[in-house]
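Biologist: I am new to this structure. Please show me how to read it, one feature at a time.

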Amino acid sequence: MHERSAEGDATARYAGLAIRFHGVGIDFPVAGGRSYPAVSSTDLSVGAHEFVSVVGPTGCGKSTLLNVAAGLLASSTGRTFVFGSPLASLNRHAGYLFQQDAVMPWKTARDNVAIGLEVVGVPRREALERAQGWLKRVGLSAFHDRYPHQLSGGQRKRVGLAQVLIRDPKILLMDEPFGPLDAQTRQIMGNLLLDLWAGDRKAVLFVTHDLEEAIALSDRVVIMSAGPQARIIGDHAIDLGRPRDASEVRLAPRFHELHKTIWGQLRGEVLKAYGGEVA
Amino acid sequence: MSRVGLFLLQMLVGVVAIGIWHVGSSVPIGGVYFLPKFFFSTPADVAVRVWTLFAEGTAKIATCEEAIDLTRLLSISAPCFGKTVWQHLLITLTEGLLAFVIGAVAGVVIGFWLARHPLLSAVFDPYIKMLNALPRVVLAPIFLLWLGLGIWSKVALGFTLVFFIVFFNVYQGVKEVSPTILANARMLGLNERQLFRHVYWPSALSWMFSSLHTSVGFAIIGAVVGEYLGSAAGLGYMIQQAEGTFDTTGVFAGMVILAVFVLIIDWGVTLAEKRLLVWRPPSAAGQG
């Protein structure tokens, strides 16, 4: 009885939050029957219209946390709530933009974007029309019949973005989505993302190792410690105004203050991660 | 290298090879033919024989009094068409095609099935490896015994060759679908049936098509070897008959016809591949 009421309580309390990690810990089995504690008991909330970035040294389990939010991975301990409901299988409210290329190489750009609509029964004609509209919004309308290998890395990311957004998910999960791109393309993609996001302000959980990118895009920046047993060690509100330009905002004095404060905290963890590797 | 230049170089290789063959078999060097006619025939004789085979076959069909019975095209006693070079070609083509289609369908179905059921695949694994390791030629007499001298014993032999190539490729194709693409597709809302259609199927087909040249080639090899070991018609039969009478020219003529025939089929496969694998990056799809 007690359990049940506690759950009802959580549901009510977290209903306004897009994602709520409640004591989430993740262990990975390793050889010899032992397990590696990647992430230890983590509490984190993402508001329904909040853009939250998670920054941490490489290998700290940021992506693992994202996979839990997506429902692709079950946490070992703790629970995850999505708009107040405990997450048991795939997160149907979420769109996921992966770090690696995830578009289907055997489909054209337009077919790739349309697939999310087709599988829920939208007639093919209409799905293609709407896909063309989304390609236009990400600046690829002339490339609709190209296959992924005929597109550049940045263009493939745009296709991926359109592919995810056409389903109009309430939550966007992004795993270093611009990681493999060059610096200029990253900034252009950042601005594209902010423009698209400004329309309806979906909840965003954005994982990156690039602190500047995190500050430029987010409402909140969360710092994770180095693994194993990574946990959240800092939570900073970013009080830069919106709308922002993801490249120009980097010149603002307030940006530098924020960067200095957060980097002061992150630096130690990054060094720890490297130190661990050296030792 | 321009296309014309490349073509000229390709021709040059052929001309030089035929030139050496011609000189060796027709011009005595120090009183000795270093490619004696009895063993090597001559290019001119072979060309004449190929021409004669086709001319006679065509004439036989053209001057036929009776109408050609389309339902008996594969029967060696068919009037006019029976035992012409055209019939030999048609029979080998039919056998190769049947072996390819049946082998490919079986390979795709079973490859998919085992790839999606790891337990079954683990159980059958040693048997599949055992069967695949078996030299197929030893099966030919068994198939002759079971299926007779007609086309089906050759189809069976081609099947055993094609099946394993397609099977292993499809199995690999399903197993090696990128986990990221799979996770992405699931996040985009695809259910198991839709994953099959939009992810596993195209991935497996691309692996199968990338082995298309090999499997089509093996289908023809199965047909010809089967004919060679026991039949009453087909290109393999033609070659075997010529060999039986030490007719070297006939053997070489059969080989030339077979080679050109395979070249034409391979060209057709390249065209099909270009259409089907248009999404593949050039490096992965080979030079085709």
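Modeller: Domain bounds come from an automatic or database domain assignment. Here, chain B is divided into domain 1 (1–40) and domain 2 (41–276). This is a predicted model, where local features need pLDDT of at least 70, side-chain atom pairs count only at pLDDT 80 or more, and totals for chains, interfaces and linings use all residues. Residues are numbered from 1 along each chain as its sequence is written, while chains are lettered from A and ligands numbered from 1 in the order in which they are written.

Biologist: How many residues does each domain of chain B give to the contact?

Modeller: Two residues are in contact if their C-beta atoms, placed from the backbone, lie within 7 Å. Domain 1 of chain B gives nine residues, and domain 2 of chain B gives four. With five residues, α1(B) gives the most to the domain 1 side. Helices are DSSP runs (H or I, at least four residues), numbered from the N terminus.

Biologist: What are the angle and the handedness of the crossing of α3(A) and α5(A)?

Modeller: Axes are lines fitted to C-alpha atoms, for helices over the stretch in contact, and angles run from 0 to 180 degrees between N-to-C directions. The axes of α3(A) (residues 109–118) and α5(A) (residues 153–165) come within 7 Å and cross at roughly 25°. The two helices are therefore roughly parallel (angles under 35 degrees). Their crossing is right-handed: the near helix is turned clockwise from the far one by less than a right angle.

Biologist: Which residues of α3(A) meet α5(A)?

Modeller: A:A109, A:N112, A:V113 and A:G116 do.

Terms used:
Angles under 35 degrees count as roughly parallel, over 145 as roughly antiparallel, 65 to 115 as roughly perpendicular and the rest as oblique.
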